[in-house]
Amino acid sequence: MKLKQRVVLLAILLVIFIFTKVFLIDNLDTSAANREDQRAFHRMMTGLRVELAPKLDHTLQSPWEIAAQWVVPREVYPEETPELGAIMHAMATKKIIKADVGYKGTQLKALLILEGGQKVVFKPKRYSRDYVVEGEPYAGYDRHNAEVAAFHLDRILGFRRAPLVVGRFVNLRTEIKPVATEQLLSTFLTVGNNTCFYGKCYYCRETEPACADGDTMEGSVTLWLPDVWPLQKHRHPWGRTYREGKLARWEYDESYCDAVKKTSPYDSGPRLLDIIDTAVFDYLIGNADRHHYESFQDDEGASMLILLDNAKSFGNPSLDERSILAPLYQCCIIRVSTWNRLNYLKNGVLKSALKSAMAHDPISPVLSDPHLDALDQRLLSVLATVKQCTDQFGMDTVLVEDRMPLSHL
């Protein structure tokens, strides 16, 4: 080979080497992040099935102490939770030592104190699994099984922002009435052969009580967050007005997200990305009623958006996709980790994972098959929405690294 040809060949090889090296360096962080997301997904799937068992291994602490120590500003429970089954078993079986009307709100619930002093919120069964609520997506009563399903979906999505929830059967005559406050006891009545109560809330009516099957009532119990973590309530920037004929700004202003990005706490920190995550979460469960949300107090926008009160879900199939997913449609941003997790869950994996996660719950089956099928269909809609965004603005703009400050958007 002539010298000139050798020089040309060496030059080509050098260019290929440099290009390859630059390409690898440029993609090293993304690849590492994707690999970690994949490992996290496999860890989640491995620990998906939670068997409720009373024994706490390797600890002298109570289940309530363990759950309280889990709570930090960015998660309610950690990624790996070998004690979860024992905590949920305690929630489903511990003796009720006091029962009272629920905290203020629009829906019927009871506040229970379990043995050991732990508060839980009890939401009673109002509908059969396959009952469809007609009218607006936010119409009707809370659905207790929706709280259980939403908690496990929170686990599957890797958010870890929903308080622990488990199904429970309670005997109203022997477990509740003997320890009930006068205020709660005054709302008890008998309808046919069934014990019922209607509690105290904005929409609670004596004419619309929740009734047990005889004395036994099915419901869900949600673990109360530790009092050392007081909550702060915020109006959701994409909330409805609930006024006849009056639209919220986001409903007619396509550039609304730009205005949101200029206001606290959405102008910095993770809160706007939390809003996007929550829009995806709410669309998957069919919740169109998140007009407010909670975070921890005095957090300056740093704490998570806590996924409380998820019971207006899995009841109405007629969802307005663009309404619930409005934050995603209008902002066209999403966390890389969320995007990766959603892609891992397609092709039927989401339905299978949720069904498996809920298999050992005391009120299993938690969801009917049509509701599980709807989850997989809605996931495809979310993925298609993100694809529209990336086609329009590019992957680098739409997919945001989880720890990137909002000011960089």
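In this predicted model, D309 touches Y103, K123, E147 and R290, leaving out residues up to four places away in sequence. One of these partners, K123, is joined to D309 by a polar contact of 3.5 Å between their side chains.

**Around the annotated binding site**
- An unreviewed UniProt entry lists Q107, K123, T222, L223, W224, L225, E294 and D309 under "binding site".
- D309 sits in the loop between β10 (292-296) and α9 (321-324), and counts as partly exposed because its relative accessibility is 40%.
- W224 lies in the loop between β8 (216-223) and β9 (231-235); with 27% relative accessibility, W224 is also partly exposed.
- Setting aside neighbours within four places in sequence, W224 is in contact with Y103, L111, Q118, K119, V120 and V121.

**The largest nonpolar core**
- This core has 113 residues, and the members touching the most others are I156, L164, I176, W238, L272 and I334.
- Helix α8 (residues 271-285) supplies the largest share, 9 residues.
- Domain 1 (61-223) and domain 2 (227-400) each contribute at least three residues to this core.
- Beyond four places in sequence, L164 touches W70, Y77, L84, I87, M91, F151, V221, T222 and L223.

**A three-stranded sheet**
- Here is an open sheet of 3 strands in the order β5-β6-β7, paired antiparallel.
- Its edge strands, β5 (188-191) and β7 (210-211), each pair on one side only.
- Strand β6 (residues 194-197) pairs with β7 over 2 bridges in the antiparallel sense, and C196 stands opposite C211 in β7.

Note on methods:
Residues numbered from 1 in each chain as written. Predicted model: local features only at pLDDT ≥ 70, side-chain atom pairs only at ≥ 80, totals over all residues. Heavy atoms only, no water. Core = buried A, V, L, I, M, F, W, Y, C linked by side-chain atoms within 4.5 Å. Buried < 20%, exposed > 50% of the residue type's maximum accessible area, 1.4 Å probe, protein only. Helix = DSSP H or I, 4+ residues; strand = E, 2+ residues; numbered from the N terminus. Domains from an automatic or database assignment. Contact = heavy atoms within 4.5 Å. Pairing = 2+ DSSP bridges. UniProt positions renumbered as here; feature names shortened; annotations may be inferred. Polar contact = N/O pair within 3.5 Å; in protein donor to acceptor, adjacent residues only side chain to side chain.
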